[in-house]
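Hello,

Here is the structure I promised to pass on.

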Amino acid sequence: MGFIEALREQRWDDHRYYHHSRINQSLHLVSALSFLTAYVLVFFDPAMAALIGWLVAMTSRQAGHFFFEPKGYDHINQATHEHKEDIKVGYNLQRKVVLLTIWALSPLVLLLDPTLFGLFEPAHGVADFIRQTAKIWLALGLGGLLARTIQLFFIRDVQTGLVWATKILTDPFHDIKLYYKAPLYLLRGELIDPNHGKHRPDEGDEGDEEEVALRPL
């Protein structure tokens, strides 16, 4: 399987296994827009980009998975929640709990050592502390991406790791394309996508993503 086909496969598995809920889809739209804002800001204000990325984009994205996505037997895909978690290429819910715990506890490092082993000047006020925390979060985000990518090199293969990293970095663009109408369906009272997983929302000649993932109003 080539790189592009593998990317489509990972995107398809992610969509059909983990995005049944219209609330989750809508939160992914919020997350995607926030991440794109962070992508722009990272060139001008990396600390602010990290704050938006973690406090808005990541929290909205993961809230959708943890609190609104069905976790019972998936009749459409004929898979248990446990099976989906076992075959998840990237961060499954258990790995996400570990990552989010590290994220939440990371500001404590600055309380224990305000210089972070000599990397920072001691913070002068709350604003300095927040910006230093944001820099730690930026490093954590990049480190989490790099760590899982390298791990996949060894437990799967190099292509799988590179495909996954590409998917993660381009997910905001792809999520907007898939879920931009989700809030409208949610306002109509549609909590679960009734057409979910029945067709593959691939680019190119395998189907129109807008028609598959989000039926016309």
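**The largest pocket**

At least two lining residues of the largest pocket come from each of α1, α2, α3 (46–68), α4, α5 (93–105), α7 (126–155) and α8 (158–179). Helices here are DSSP runs (H or I, at least four residues), numbered from the N terminus. The pocket holds about 1100 Å³ of space. Its lining counts 46 residues, and M58, L145, W164, I168 and L169 are the closest to its centre. A pocket is an open set of points on a 1 Å grid over the protein atoms alone, with protein on both sides within 12 Å along at least five of seven lines; lining residues have an atom within 4 Å of a point.

This is a predicted model, where local features need pLDDT of at least 70, side-chain atom pairs count only at pLDDT 80 or more, and totals for chains, interfaces and linings use all residues. Residues are numbered from 1 along each chain as its sequence is written, and side-chain values use heavy atoms, without hydrogens and water.

**Cavities**

There are three cavities of 30 Å³ or more. In a cavity, a 1.4 Å probe fits but cannot get out. The largest cavity has a volume of about 60 Å³, the space filled by probe spheres set on the grid points. Its lining includes Y17, Y18, H65 and E69. Helix α4 (81–87) gives the largest share, three residues.

**Helix α2**

Helix α2 (residues 22–41) has 20 residues.

Best wishes

Key: Expected span 1.5 Å × (residues − 1).
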